[in-house]
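Grab the viewer and work through these exercises on sheets, helices and pockets. Try each task before reading its solution.

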Amino acid sequence: MKKTSFVVALALATSVSMAKEIKIGVVLPMTGAVASYGQTAWEGIEIANKIAPKTKNGDTIKLILVDNKGDKIETSTATTKLAVQDKVSAIIGAMTTGNTQQVIQIGDEKKIPVVAPAATADKLLDRSKFGARVTFMDSFQGTSFAKYAKSQNYKTAVLVVDQSTAYSLGLAKAFKKEFTTGGGKVLKELKINSGDKDFKAIASQIASLKPDVVYAPFYYQEASMLVRQARQIGVGTVFASGDGVAQNTFIELAGKAGEGYLSTDVFDSSNPPTNNSKNFIDTYKKAKGTTDIPGFTTLGADAYMLILDAMNRCEDPANSVCINDKIKQTKNFEGISGFINIDKKGNAIRSLVIKEVKNGKFTYKDTVNP
């Protein structure tokens with residue numbers, strides 16, 4: 001018995017000594033203009049790490065968060081630090097497309113896999129070998145909402161496009177192509193730039209055109225100001241955007257003017273798509289006291305879980321090249337936000353949901369499958 005106990009103790013001690021710490025870098029805007037995006041994604045990453053803090057062989061996952069402040073130069077500095085100084089095995093980040101491109105570029109140079117939680121530009125991964133994402137592409141998002149709009153018998157639309165972002169241009173292009181197929185008519189395309197605050201002239205044009213729907217595919221700051229100023233002059237048209245407004249911050253900024261606003265999103269907690277969704281909702285409720293979970297929170301969690309799943313399929317879970325290869329081989333991944341397949345380029349093939357603001361909350365309307 002003594003000999004057996006000694007052997008077991010030795011085996012346990014050896015197992016513990018062999019276990020190591022694996023680092024995942026996280027580049028997110030925790031401060032700055034789009035801090036709401038980064039903060040909600042980080043919530044999901046943290047909770048996912050608490051749910052699954054180790055690889056299947058016992059290695060501990062350490063998260064290293066760096067605030068890029070929503071800035072491209074800060075993003076480059078932060079990502080380089082994680083790759084060179086911290087020697088991370090994988091990176092999650094960033095949120096907006098432009099900053100995510102910076103992260104992926106450095107990931108490719110250093111051969112470190114990058115999983116983007118929320119960047120949706122179609123061409124984001126075309127030239128990347130170490131990039132991937134867990135969200136849908138703009139073409140699918142814009143096309144899906146256009147199909148939904150037609151199903152609601154919306155026959156005319158006004159497009160308001162932020163000409164300074166690839167995100168807005170991509171969504172607008174996809175929406176217009178699908179909406180005008182089969183008879184829908186875009187009455188006018190109006191232009192804005194990120195940071196604009198005065199939308200009175202645009203609101204007046206919308207009022208005179210009287211479209212069935214206004215599609216404004218940009219971020220929550222400008223979208224909230226646009227709809228407030230439109231409602232102030234009596235515009236009753238339905239307004240809609242992409243996932244850039246799928247934040248409680250949008251509702252807070254828009255106030256009563258946001259009622260009835262439509263958006264596309266990745267997740268709705270009232271319709272959990274997987275068993276892992278249900279488990280995550282329970283954990284989130286215990287931590288936050290609510291089941292009202294932002295889509296970006298589930299995407300942050302999915303980025304972490306996707307990397308962990310790939311690590312668990314590698315002989316050495318810290319091997320960045322292997323992690324990248326396994327990510328690209330992912331099929332039928334049961335994520336928090338839904339089932340995800342990753343293609344050879346790293347793009348996610350997945351569903352989306354349509355939501356509407358009702359009584360100050362985003363509420364589920366419909367699901368669109370790929």
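Two strands pair if DSSP finds at least two bridges between them; helices (H or I, at least four residues) and strands (E, at least two) are DSSP runs, numbered from the N terminus. We're working on a predicted model, where local features need pLDDT of at least 70, side-chain atom pairs count only at pLDDT 80 or more, and totals for chains, interfaces and linings use all residues. Residues are numbered from 1 along each chain as its sequence is written, and side-chain values use heavy atoms, with hydrogens and water left out.

**Exercise 1. Work out the strand order of the five-strand open sheet and find what packs on it.**

Step 1: the order reads β2-β1-β3-β4-β5, with parallel pairing. Step 2: β2 (60–67) and β5 (131–133) have a single partner strand each, so one side of each edge strand lacks a neighbour in the sheet. Isoleucine 92 has valine 115 in β4 as its bridge partner. Step 4: helix α3 (residues 72–85) packs on this sheet and touches β1 (21–28), β2 and β3; its direction makes about 180° with that of β1. Here contact means heavy atoms within 4.5 Å, while axes are lines fitted to C-alpha atoms (for helices, over the stretch in contact) and angles run from 0 to 180 degrees between N-to-C directions.

**Exercise 2. Do likewise for the open sheet of seven strands.**

Step 1: the order is β7-β6-β8-β9-β10-β14-β15, and the pairing is mixed. Step 2: the edges are β7 (185–192) and β15 (361–368), each with a single partner strand, so one side of each has no neighbour in the sheet. Step 3: neighbouring strands here are turned by 25° against each other on average, direction ignored. Step 4: β6 (residues 156–162) pairs with β8 (residues 213–215) in the parallel sense over three bridges, and leucine 159 has tyrosine 215 of β8 as its bridge partner. Step 5: α8 packs on the sheet, touching β6, β7 and β9, with its direction at about 175° to that of β9.

**Exercise 3. How do α2 and α10 pack?**

Step 1: the axes of α2 (residues 35–51) and α10 (residues 275–288) are 11 Å apart, at an angle of about 110°. Step 2: the two helices are therefore roughly perpendicular (under 35 degrees counts as roughly parallel, over 145 as roughly antiparallel, 65 to 115 as roughly perpendicular and the rest as oblique). Step 3: Glu43, Gly44, Ile47, Ala48 and Ile51 in α2 meet Phe280, Thr283, Tyr284 and Lys288 in α10.

**Exercise 4. Describe the largest pocket.**

Step 1: settle the term. On a 1 Å grid over the protein atoms alone, a pocket is an open set of points where a 1.4 Å probe fits, with protein on both sides within 12 Å along at least five of seven lines; lining residues have an atom within 4 Å of a point. Step 2: this pocket holds about 400 Å³ of space, a volume being the space filled by probe spheres set on the points, which are joined across faces, edges and corners. Step 3: 19 residues line it, with Gly70, Thr96, Thr165, Ser194 and Tyr219 nearest its centre. Step 4: α4 gives the most to this lining, with four residues.
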